[in-house]
Amino acid sequence: MARVVVLGAGISGHTAALHLRRLLGKGHEVVVVSPNSKWNWIPSNIWVGVGKMNTDQVTFPLAPIYKRKGITFHQALATTLYPEGSAELASPHVAIKYTDPSRLNETANLAYDYLINATGPKLNFAATPGLGPDGYTVSVCTAPHATEAAGHLAAAIAKMKQGERQRLVVGVGHGTCTCEGAAFEYTFNVEHEIRDAGVRDMADITYLTNEYELGDFGVGGMTFTQNGFETTSKLWTESLFRERGVNAVLQAHVEKIEPGVIHYEQLDGSKNTLEYDFAMLLPPFRGADMQVFNAAGEDITAEVFAPSGFMKVDANYTAKPFEEWRAEDWPSTYESARFPNVFGVGIAFAPPHQISKPRTSPNGTVITPAPPRTGMPSGVMGKTAAMTIFDRIKMGSSATSHKASMANMGAACVASAGTGLRRGSAAAMTMYPVVPDYQRFGPTGRSAKDTFGEIGLAGHWIKYMLHFAFIYKAKARPLWYLIPE
Amino acid sequence: MDEAAASIASSPLPTDQTLRRRKSLVFQLWRFAALNLRMLTMITKGSH
């Protein structure tokens with residue numbers, strides 16, 4: 001009998017756990033450790049953030065699903081890895097600390113044969129003074145954060161209805177943030193709500209971003225073919241900003257936030273301020289900050305994790321200039337660089353470098369989006385690790401790894417620009433591959449046929465359909481595995 | 001006007017016909033089917 005422990009129950013970890021349970025016989029144990037009691041379909045949080053959905057529509061309790069599927073669940077936080085065992089327990093294990101209210105702060109050691117680290121992001125609000133719900137801005141990163149954001153937005157709309165002009169800022173709260181697509185979505189959903197409320201003329205909406213240009217989205221932008229011409233995601237996105245009357249501040253690193261004032265530096269080194277009445281700024285991400293010890297009790301965290309807290313996997317982490325970046329630098333098996341029975345998937349793995357060209361201000365401030373690795377790629381990585389582990393349990397540790405590099409993987413991003421089955425709108429984009437491969441696809445780095453974007457009501461329907469499809473899948477309803485990651 | 005604002009101001013606006021198409025139920029039903037098919041094709045093309 002083998003025991004597979006999955007740390008994290010987000011898109012990547014939950015996908016891995018469900019596939020492992022489906023593939024492995026009952027003689028093997030699948031264990032999930034997550035500090036959260038609920039699963040959250042994060043892409044729909046933006047609709048919670050404008051009051052169009054509630055928390056219960058985007059989350060559900062994990063425990064009943066895991067009970068039904070025969071997966072052991074610990075509501076706990078993984079704190080320390082012992083991949084070679086310890087004086088206390090000879091086999092590889094992970095130390096956990098319970099967040100489950102019935103066992104709060106109790107600790108335990110979980111032995112494993114295989115471990116999947118899918119701990120996702122630590123929301124690093126602390127990187128920017130004043131950022132986040134404990135500071136002076138709101139967030140849509142979690143369902144409760146989004147609920148709070150919706151309340152603040154409703155209050156701003158109420159003030160506009162009373163004739164008070166409001167300045168709304170949506171974007172990212174640090175120079176190294178990722179998930180610009182989510183900020184973009186929230187910007188246009190806010191604009192849509194304000195227009196629906198009949199007070200659009202009372203709002204100044206500004207998108208504040210670390211992107212070098214609009215349409216970068218942390219993937220270096222895209223090139224689309226439309227009506228026989230090549231066009232860029234920059235031009236396409238700028239057109240939407242012009243059509244909807246949204247301002248943009250680009251190349252910005254938010255330094256600190258005070259009540260009503262955002263202080264930021266731009267790539268040219270200038271220091272500026274932006275006044276606001278409502279601000280939703282996403283935080284930068286860190287890894288889960290677990291410690292790792294070897295059999296001798298020595299701290300080997302730096303061998304297993306990058307300084308960012310993300311896990312080093314089968315990527316090429318050699319520092320080199322942008323011009324020398326290659327698609328093959330990106331990992332494909334997600335096996336830990338140090339321990340072959342440990343995998344790092346989803347946001348938890350350390351990317352070898354950014355996808356967008358790195359840029360630094362004259363003051364030495366890095367202002368470049370971190371690579372997005374959420375959603376579809378996260379799910380695919382989780383499934384890939386699960387399939388490799390299944391093969392190794394069945395065929396032995398020499399079984400070939402399954403592969404899914406982001407340099408050979410497409411992604412669809414449906415960015416909502418407003419809700420409503422008749423009046424909604426979304427920018428539906430796909431790219432193949434996520435990480436540009438200039439050797440294979442030439443100057444654009446991506447397949448012209450499979451990289452496209454389109455704005456319209458159909459995009460909203462797709463996003464709405466995906467909301468139900470992925471919650472159905474995550475609830476492991478009949479034939480859930482037929483829905484692609 | 002700063003560089004970002006100037007760039008946005010000089011970007012093309014959609015025509016009335018494009019805006020109508022983006023909201024047309026018949027046209028968008030067709031685009032819904034076409035986009036889903038295109039996305040599914042792209043997804044299955046990956047190495048996974």
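These legends walk through several close-up views of a predicted model.

**View 1. Chain A as a whole.**
Laid along its principal axes, the C-alpha trace of chain A covers about 65 × 50 × 45 Å. How much of chain A is buried? Of its 485 residues, 55% are. Looking at contacts in chain A with a separation of 6 or more, 67% link residues 24 or more positions apart.

**View 2. Chain B on its own.**
Here we have chain B, with three helices and zero strands. Read from the N terminus, its elements go α-α-α. The C-alpha trace of chain B spans about 45 × 35 × 10 Å along its principal axes. As for burial, 19% of the 48 residues of chain B count as buried.

**View 3. Where chain B touches chain A.**
In this view the two chains meet: 24 residues of chain B are in contact with 33 residues of chain A. Which helices of chain B each supply at least two residues of the side that touches chain A? They are helix 1 (3-9), helix 2 (16-23) and helix 3 (25-45). Helix 3 of chain B gives the most to that side, with 10 residues. Sorted by class, the side of chain B that touches chain A holds 12 nonpolar residues, seven polar ones and five charged ones.

**View 4. The largest nonpolar core.**
Zoom in on the largest nonpolar core, and you are looking at a set of 156 residues. Those with the most contacts inside this core are V5(A), V6(A), V94(A) and V345(A). Helix 9 of chain A, residues 376-395, provides the largest share of the core, with nine residues.

**View 5. A closer look at V94(A).**
One of the core residues with the most contacts, V94(A), sits in strand 6 of chain A, which covers residues 93-98. Is V94(A) buried or exposed? V94(A) has 25 C-beta neighbours inside 10 Å, so it counts as buried. Setting aside neighbours within four places in sequence, what does V94(A) contact? The list is V5(A), L7(A), A78(A), L81(A), L110(A), Y112(A) and L115(A). For a sense of distance, take L240(A), which is 146 residues from V94(A) along the chain: the C-alpha atoms of the two are separated by 48 Å.

Strand 10 of chain A, residues 166-172, runs parallel to strand 18 of chain A, and five bridges join the two. Look for G171(A), which stands opposite L281(A) in strand 18 of chain A.

**View 6. The open sheet 15-16-17 of chain A.**
Three strands of chain A make up this open sheet, in the order 15-16-17 and with antiparallel pairing. Which strands are at the edges? Strand 15 (252-258) and strand 17 (271-275) of chain A are the edge strands, each pairing on one side only. From one strand to the next, the twist averages 30°. Strand 16 of chain A, residues 261-266, is joined to strand 17 of chain A by five bridges, and the two run antiparallel. To find a spot along that pairing, look for E265(A): its bridge partner in strand 17 of chain A is K271(A).

Strand 23 of chain A, residues 426-431, pairs with strand 24 of chain A in the antiparallel sense over five bridges. Along the way, A428(A) stands opposite E454(A) in strand 24 of chain A.

How values were computed. Residues numbered from 1 in each chain as written. Chains lettered and ligands numbered in written order. Predicted model: local features only at pLDDT ≥ 70, side-chain atom pairs only at ≥ 80, totals over all residues. Contact = placed C-beta atoms within 7 Å. Helix = DSSP H or I, 4+ residues; strand = E, 2+ residues; numbered from the N terminus. Nonpolar A, V, L, I, M, F, W, Y, C, P; charged D, E, K, R; others polar. Pairing = 2+ DSSP bridges. Buried ≥ 20, exposed ≤ 12 C-beta atoms within 10 Å, placed from the backbone. Core = buried A, V, L, I, M, F, W, Y, C linked by C-beta atoms within 7 Å. Axes fitted to C-alpha atoms, helices over the stretch in contact; angles between N-to-C directions.
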